[in-house]
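I opened the model to look up its pockets and one of its helices. My entries follow.

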Amino acid sequence: MTWDAIDSWWWPYVFILAAGWFATDIWRVLGVYFGGRIDESSDMLVLVRCVATALVAAVISNLVLFPVGALASVALIVRLSAVAVGFTAYFMARKSTLVGIIAAELVLVPAMMFSGG
C-alpha cells in the first residue's frame with residue numbers, strides 16, 4: 001500500500017491512521033510484554049530513561065531556539081521566558097506537567113496574539 005494507492009478523499013486519513021497506529025502500537029505491546037520483567041533500577045532501563053529525557057530536551061530546545069511557523073514570530077526572550085515560567089511552575093506544583101504547560105502557555109499565547117503570530 002502506498003499514499004497514492006487509492007484515489008479517494010478519505011484515503012490519506014486512513015493511511016496516516018493505519019501507519020501511525022502500526023508504528024507506535026507495536027512498540028507499546030512489546031513494552032507491556034517485556035516491561036513487567038525489567039527491574040526499574042537496572043542499568044539498561046536507566047540508560048533508556050536518560051536517552052528519552054535527552055531526546056525530549058533536544059526537541060524542546062529546537063522548538064525554542066529554531067522555531068518554525070507561528071512560533072517564529074515570537075521573540076526569543078518571550079520563548080525563553082515561557083520555558084522558565086513553565087519549568088518553575090512545574091516544580092512549584094510538585095512536578096505537575098499540566099501546571100507547567102498551562103503556565104508556559106499563559107506567557108506564550110498572549111505574546112503570539114500581540115505579535116500577530
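I began with the lining of the largest pocket, which divides into 13 nonpolar, 5 polar and 2 charged residues. I counted Ala, Val, Leu, Ile, Met, Phe, Trp, Tyr, Cys and Pro as nonpolar, Asp, Glu, Lys and Arg as charged, and the others, Gly among them, as polar. The model is predicted: local features need pLDDT of at least 70 and side-chain atom pairs pLDDT 80 or more, while totals for chains, interfaces and linings use all residues. Numbering runs from 1 along each chain as its sequence is written, and side-chain values use heavy atoms, without hydrogens and water.

A pocket here is an open set of points on a 1 Å grid over the protein atoms alone, where a 1.4 Å probe fits, with protein on both sides within 12 Å along at least five of seven lines; lining residues have an atom within 4 Å of a point.

I noted 20 lining residues for the largest pocket, with Ile60, Val64, Val83, Ile101 and Ala104 nearest its centre. Helices H2 (43-65), H3 and H4 each give two or more residues to this lining, and H2 has the largest share, 7 residues.

I then checked the second largest pocket, whose lining includes Trp27, Phe34 and Met44. H1 gives the most to that lining, 5 residues. I found 7 nonpolar, 2 polar and no charged residues there.

Last, I looked at H4 (residues 97-115), which has 19 residues. Its buried residues (under 20% relative accessible area, 1.4 Å probe, protein chains only) are Gly100, Ala103, Ala104, Leu108, Ala111 and Met112. Helix H3 (76-92) is among what covers them.

Conventions:
Helices (H or I, at least four residues) and strands (E, at least two) are DSSP runs, numbered from the N terminus. The expected span of a helix is 1.5 Å times one less than its number of residues. Buried means under 20% relative accessible area, exposed over 50%, partly exposed in between (1.4 Å probe, protein chains only). Contact means heavy atoms within 4.5 Å.
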